[in-house]
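Trainee: I would like a close look at a single part of this structure. Please take me through it step by step.

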Amino acid sequence: MNGKTVMACIDAAHAALEEHADEIASLDQAIGDGDHIINLLRGMDALAAMRAQIEAEAFAPALKLAATKVLSTVGGSSGPLFFSMMTGMAKTSTGDDGVVEFARAFAAGVEAVGQRGKTGTGSKTMMDVLIPVAEHFTAMADAGASKQEVLEALPRIAQDNMLATRDMLATKGRASFLGERSRGHIDPGARSSQLMIEAVCARLAQGDA
Ligand code: ADP
Ligand code: MG
C-alpha cells in the first residue's frame, strides 16, 4: 500500500458519491441543510487536483496529506470528522497491507471520529456505519480471515447498518433539531460512508493499487 493505493481508493469513493449525488442531497435536505454531498464533492475534486502529490507519497503520509485537504475543503460537520478518520488511520498504519494491520488502522480512524464527534452508535450518524464495520473488520482479522473475505463481508455490514439508521431518532448533529421528525429518513452521512466503504472494498478487491 502506498500513495497510489490511497488515490485509487479516493477515485473509487469519488465515483460512487457522484453516482449517488442526487440521493445524498435529498437525504440531507430531509434531515439536514442539504449541503452534505456538495461538501464531499468539493473535497473530492480538491483531492483529484492533487493526484500527483498524493501518489508520490508512502501510504501514511499520503493519507495525512489527503486528510489536510479534506479538512480545508469539505467543511460542515463531516469535514473534520473525515479528517479525524484519515489521520487516525494514518497514525496507526505502518503501511503494511496485512488484514490485521489494516483492521487496526481502520478501528483507530473510527475511534478518532468518535472522539471528535463525541458519539457512538445509536445517534443516527455515520458512526452507525463506521463502528459496526470496524468491529466486524477487527473480529474477522483476529479470526484470520483473508483479504478477499473481508472485502466481501464489510460492504454488507455497512449496507445493513446504513439502512438501520432510517428508523433511528437523531440525537447528534443538525438532524437532532428535528426530534421525532428525523425518523423515517436514512442519515446522509451514514449513506455516504457506506457508499465509500463499498467502493473502496470493491477497488481493493481488484488489486493492482
Ligand atoms: P452539517 O450537518 O454541519 O451540515 P454535513 O452535512 O457535512 O454537516 O454532514 C452531516 C453528517 O455528519 C450527518 O449526516 C452525520 O452522519 C454526520 N454527523 C453530524 N454530527 C456528527 C457527530 N457528532 N458524530 C458523527 N457524525 C456526525
Ligand atoms: Mg449538511
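How do the residues of the lining of the largest pocket divide into nonpolar, polar and charged?

Mentor: Keep in mind that this is a predicted model. The lining of the largest pocket divides into 31 nonpolar residues, five polar ones and four charged ones. That makes 40 lining residues in total. The space inside the largest pocket is about 880 Å³.

Now find the middle. C9, M89, F102, F106 and V200 are the lining residues nearest the centre of the largest pocket. At least two lining residues come from each of α1 (3-19), α3 (36-49), α5 (59-73), α6 (78-92), α7 (99-117), α8, α9 (147-164) and α10 (188-206). Helix α10 gives the largest share, seven residues.

In soluble globular proteins, nonpolar side chains tend to be buried together.

What does F106 touch? Leaving out residues up to four places away in sequence, F106 touches M85, M89, L130, V133, A134, F137 and I197. Two of these names have come up already.

Now follow the chain out of α7 into the loop between α7 and α8. K118 lies in this loop. It has a positive phi of about 55°, although it is not a glycine. K118 counts as exposed because its relative accessibility is 63%, and the cut-off for exposed is over 50%. K124 is in the loop between α7 and α8 too. Its phi is also positive, about 65°, and it is not a glycine either. But K124 is buried, because its relative accessible area is 1%, and buried means under 20%.

G120 is another residue of the loop between α7 and α8. At 27% relative accessibility, G120 is partly exposed. Apart from neighbours within four places in sequence, G120 is in contact with M127 and I131. G120 and G179 are 59 residues apart in sequence, and their C-alpha atoms are 18 Å apart in space.

Finish at the metal. The magnesium ion (ligand 2) is coordinated by D28 (OD), D33 (OD) and D35 (OD), at 2.0 to 2.6 Å. Along the chain, these donors follow the spacing D-x4-D-x1-D. D28 is buried, with a relative accessible area of 7%. D33 is partly exposed, at 39%.

Methods. Residues are numbered from 1 along each chain as its sequence is written. Chains are lettered from A and ligands numbered from 1 in the order in which they are written. This is a predicted model: local features need pLDDT of at least 70, side-chain atom pairs count only at pLDDT 80 or more; totals for chains, interfaces and linings use all residues. Side-chain values use heavy atoms; hydrogens and water are left out. Donors are N, O and S atoms within 2.8 Å of the metal (3.2 Å for Na, K and Ca); water is not among the atoms, so sites may look incomplete. Buried means under 20% relative accessible area, exposed over 50%, partly exposed in between (1.4 Å probe, protein chains only). Contact means heavy atoms within 4.5 Å. On a 1 Å grid over the protein atoms alone, a cavity is a set of points where a 1.4 Å probe fits but cannot get out, and a pocket is an open set with protein on both sides within 12 Å along at least five of seven lines; lining residues have an atom within 4 Å of a point. Grid points are joined across faces, edges and corners, and a volume is the space filled by probe spheres set on the points. Helices (H or I, at least four residues) and strands (E, at least two) are DSSP runs, numbered from the N terminus. Ala, Val, Leu, Ile, Met, Phe, Trp, Tyr, Cys and Pro count as nonpolar, Asp, Glu, Lys and Arg as charged, and the others, Gly among them, as polar.
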